[in-house]
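Here are a few friendly notes to read alongside the model.

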Amino acid sequence: MSPATKPGRGFAARIMTLQFAVLGLLIVVVTVATIIVSYNRVFERAEIASLAIARSVAATGQVREEVARYSALETLDLEELRTGPLQQLADDVRGRAGADFVSIVEDRGLRLAHPHPDEIGKPASTDPVALRGIEAVLRERGSLGDSVRAKVPVYAPGSDQVVGQVSVGVVTDSLTGALLTSVSWILLFAALAAALAIVAGRVTVRRLKAQTLGLEPAEMAQLLRDQDAVLYGVEDGVIGIGRDGRISVRNKAARLMLGLPHRHESADIVGQPYAEAGLPPALVGAIDAGEPVTLRLETDKSALVATVHPVLRENHDLGKVVLLRDVTTIETLGSRLDAVETMAGALRAQRHEFANRLHTISGLLHNGNTAEAQEYLGEVIESGPVREPVQNLEAIDDTYLRAFLGAKGVSAHERGVVLRVGEESALYGRLNDAQDAIAVLGNLIDNALSAAVEGPAPRWVEVDLLGEGNTLHIAVADSGAGVPAGMDVFAEGVSSRSGNPDQEHGHGVGLPLIRRLARTHGGDVWIADPGRTHPADGDRQMPGDETDEAPPAGAVFAARLPGVLTTEPTTNEPATPERP
């Protein structure tokens, strides 16, 4: 079992656990820090308030006079103190200011006022540091328990002599209650934050699962490796389109087939909307349709078959994928096979005619008609083995090309069309790449024959061949109706033939194919003349036509094929053959 498929906690569960751990730690740290800050703030506020109250009491004129008076006495009248003005003032300040205690001490450390009257006259329970002329804010434990207290010196009226101190404080228990209230709110907010984090985490996990289709990271990594292996390990082109209509992936084969920019170029189609990525319009239309479809595409260098497939996974629309297959080699082989079949047909016709002649001779000899057999054999030798209904065929030296034209002439004769070689043809030497040359020439002749058959009588096709070094120049004219104005016969799926295209193989395919085949040799195929009402001269008029006006002439297609000829003399022929 691969790591991607081992049972255990899923990626989402691990993310949730890690998220909760981090969030829990964060909440604890924040809560503790907030409690500490709140604790210090509560005590600081108590200290500030106590110090302010103590200063205010110590600065009161009555307090300074009374404390100075009692400081000068050797003994204190406790009953007077318990009901005297200092005690009343201390009680009044404690009630109005919210302090837990207000204590006044004279310079010997004896209490002159205290929240508990019984403590009056007794020494202070804590160090009276203010008697040394300093102010102090302390956290001490006294007779009232732990408290935060401020101690301020009391000066005698009109002098700087310290005659006592005022101590104001807040008991810690009351501060703890306020602190607990603050902590309760803090904990409540922490709990709400934790609950919100849990809800957000669950929503995030569900969204993550929806976006990744439930795949774990290891599975996604494996899918990416498999994708690269598939995309760049196949010869077919692949283009992936996401749900948003943008191209998400394309392999090298697709880039080469469609002539797309390189991955590292700024015009790379990955990430662009497919309608703006420079794809062929027919392919864009097929993608827009949203249904599985197969179509044919033509480029300058190849013929492609494109298949568009919608992609679904667990009823989720993931987009579309386009598969491209180069069928150039297959179609080229098909064109070459057509030429071979033409030659095979011509050979079958020759065999049939030879058989008929041999049967005739055999019958004459069997009946003892030796003289008639000799006369018939002489006629056969004089006329040649098989009649080749192609005018001016002797202008062609290459035996393979002559045989091919002869076979095409037989096929043309059967369809009521005369095939002839133009009188201006001049082709010496032989073909060194017969397959491609015959494929181009054969397709042009087939198209011309079809056009001539559909045209008016007399029906003819004329082939002009010219050798220039190793380059073969071809021109094929016919007596058909020509190419309609504005029609691009080299475009994908375009045909000038009438009738049902499905009934004839090659409609709208042959011309783009042979043009691409010619261009692979550095040549080309083009329309030299789309067709005219009257030919310029009588060269294209049928021999024996006695009319003063030539019949309408069809289109003229031309081709140039470099590198298909050799200037070496044909086997068993003179280096410089005589022209007829």
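**Notes on the sheet, its helices and the cores**

1. Strand S12 (residues 418-421) and strand S14 (residues 460-468) pair in the parallel sense over four bridges; strands count as paired if DSSP finds at least two bridges between them.

2. A word on the basis: this is a predicted model, in which local features need pLDDT of at least 70 and side-chain atom pairs count only at pLDDT 80 or more, while totals for chains, interfaces and linings use all residues. Numbering starts from 1 along each chain as its sequence is written, and side-chain values use heavy atoms, leaving out hydrogens and water.

3. The open sheet has six strands, ordered S11-S12-S14-S15-S17-S16, with mixed pairing. Strand S11 (390-391) and strand S16 (524-529) are at the edges with a single partner strand each, so one side of each has no neighbour in the sheet. Helices (H or I, at least four residues) and strands (E, at least two) are DSSP runs, numbered from the N terminus.

4. Two helices lie across these strands. Helix H11 (residues 399-414) lies across S11, S12 and S14, at about 155° to S12. Helix H12 (residues 434-454) lies across S14, strand S15 (471-478), S16 and strand S17 (556-561), at about 10° to S15. Axes are lines fitted to C-alpha atoms, for helices over the stretch in contact (heavy atoms within 4.5 Å), and angles run from 0 to 180 degrees between N-to-C directions.

5. Asp398 caps its N-terminal end, with a side-chain oxygen 2.7 Å from the backbone nitrogen of Leu401. After H11 comes Gly416, with a positive phi near 80°.

6. Which residues touch the most other members of the largest nonpolar core? They are Leu401, Leu405, Leu441, Leu444, Leu465, Leu472 and Ile474, out of 43 residues. Such a core is a set of buried Ala, Val, Leu, Ile, Met, Phe, Trp, Tyr and Cys residues joined through side-chain atoms within 4.5 Å. H12 gives the most to this core, with 10 residues.

7. Leu441 touches Leu401, Phe404, Leu405, Val463, Leu465, Ile474 and Val476, leaving aside residues up to four places away in sequence. A second, separate core of 27 residues includes Ala58, Val63, Tyr70 and Leu86.

Technical notes:
Buried < 20%, exposed > 50% of the residue type's maximum accessible area, 1.4 Å probe, protein only. Polar contact = N/O pair within 3.5 Å; in protein donor to acceptor, adjacent residues only side chain to side chain.
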